[in-house]
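Subject: Structure for you to look at

Hello,

Here is the structure I said I would pass on. My notes on it follow below.

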Amino acid sequence: IKKMNITKYIVSTAGGLLILAASVQAHATIVNFDEVALPSITLLDGTSHYDAYGISFSDETFSAIDGRFAQADNAGLTSTGGSNNLVTVNFTTAISSLDFGWLTIASNDLFATAYDSFGNVIDSFSVTGLSGDSTGTGSLSGANNIASVTWHDGTGTIGIDFLNYKVPEPSLLALLSLGLLGFGVLRRKKV
C-alpha cells in the first residue's frame with residue numbers, strides 16, 4: 001500500500017508541475033529608446049542607462065535621434081557606419097522571443113543573429129537586396145535562451161527602432177513548484 005501511495009504522489013506532483021510550467025507566462029517588455037533622455041550619438045557600451053529594462057550594449061552601439069525611425073519619437077539605436085556595422089543588445093536574463101523594428105541607410109542587406117549565453121547561434125533573420133533607405137520589422141525566437149542579439153550589414157548604416165521581448169517568469173514557477181512540493185510532503189506525513 002505504501003509503495004502505491006508514493007507512486008501516486010510522484011505522478012500527481014509531476015503532473016501538477018507540468019501543468020504549472022505550461023501555464024506560467026512570460027512578461028513583455030517594450031523599449032522605444034526614448035525612455036532615457038540622451039543626446040543623439042551617445043555611446044551606450046558599458047553604460048547603465050537601460051539596466052532597468054534588463055539590457056546592455058556592446059560593439060560600439062549608439063543612441064540615435066533620426067527622423068527616419070518609423071516611430072513618432074525618432075529615437076533608436078545605430079552603429080558607427082562604415083563596413084561591418086554592429087549593433088549588439090545583451091539581455092540580463094535570457095529571453096524567449098524578440099520583435100524589433102529596423103532601418104537601413106544606404107545599405108543593401110540587414111542581418112540579425114540571436115545567440116545563447118555560450119555564443120551559439122540559435123536563430124537568425126535577414127533581408128537582402130534592399131535599395132537606399134529601408135525600414136521594416138523582424139522576429140527572433142529561442143525557447144528562453146536568447147542572451148544577445150547582433151544586427152549588422154556590410155555597408156551603410158543600420159538602426160534599431162524598437163525592441164519588444166518576452167522574459168520568462170522562472171521565479172513564479174519555482175514558487176509554485178515549492179508550494180506543490182510542500183503540499184505533497186504534508187500529505188505524505190498524514191498517511
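The model is predicted. I looked at its aromatic rings and at one threonine.

F57 has a relative accessibility of 5%, so F57 counts as buried, the limit being under 20%. Y50 counts as buried as well, because its relative accessibility is 2%. These two residues form an aromatic pair with 5.8 Å from centre to centre and 85° between the planes, which is edge-to-face. Y50 and F57 also belong to a cluster, linked by ring pairs, that includes F33 and Y53.

A further pair is made by F91 and Y165. Their ring centres are 5.1 Å apart and their planes stand at 65°, so this pair too is edge-to-face. F91 is in strand 5 (residues 85–105) and Y165 is in strand 9 (residues 157–167); at 74 residues apart, they link distant parts of the chain. Both of these residues are buried. The count of aromatic pairs comes to six.

The threonine is T61, found in the loop between strand 2 (55–58) and strand 3 (62–65). Is T61 buried or exposed? Its relative accessible area is 0%, so T61 is buried. The side chain of T61 reaches the backbone oxygen of S58 at 2.7 Å. Neighbours within four places in sequence aside, the contacts of T61 are T42, L43, L44, D45, L77, T78, L86, V87 and T88.

Regards

Note on methods: Residues are numbered from 1 along each chain as its sequence is written. This is a predicted model: local features need pLDDT of at least 70, side-chain atom pairs count only at pLDDT 80 or more; totals for chains, interfaces and linings use all residues. Side-chain values use heavy atoms; hydrogens and water are left out. Rings of Phe, Tyr and Trp (its six-membered ring) pair if their centres lie within 6.5 Å; planes under 30 degrees apart count as stacked, over 60 as edge-to-face and the rest as tilted. Buried means under 20% relative accessible area, exposed over 50%, partly exposed in between (1.4 Å probe, protein chains only). Helices (H or I, at least four residues) and strands (E, at least two) are DSSP runs, numbered from the N terminus. A polar contact is a pair of N or O atoms within 3.5 Å; within protein, one must be able to donate a hydrogen and the other to accept it, and residues adjacent in sequence count only if both atoms are side-chain atoms. Contact means heavy atoms within 4.5 Å.
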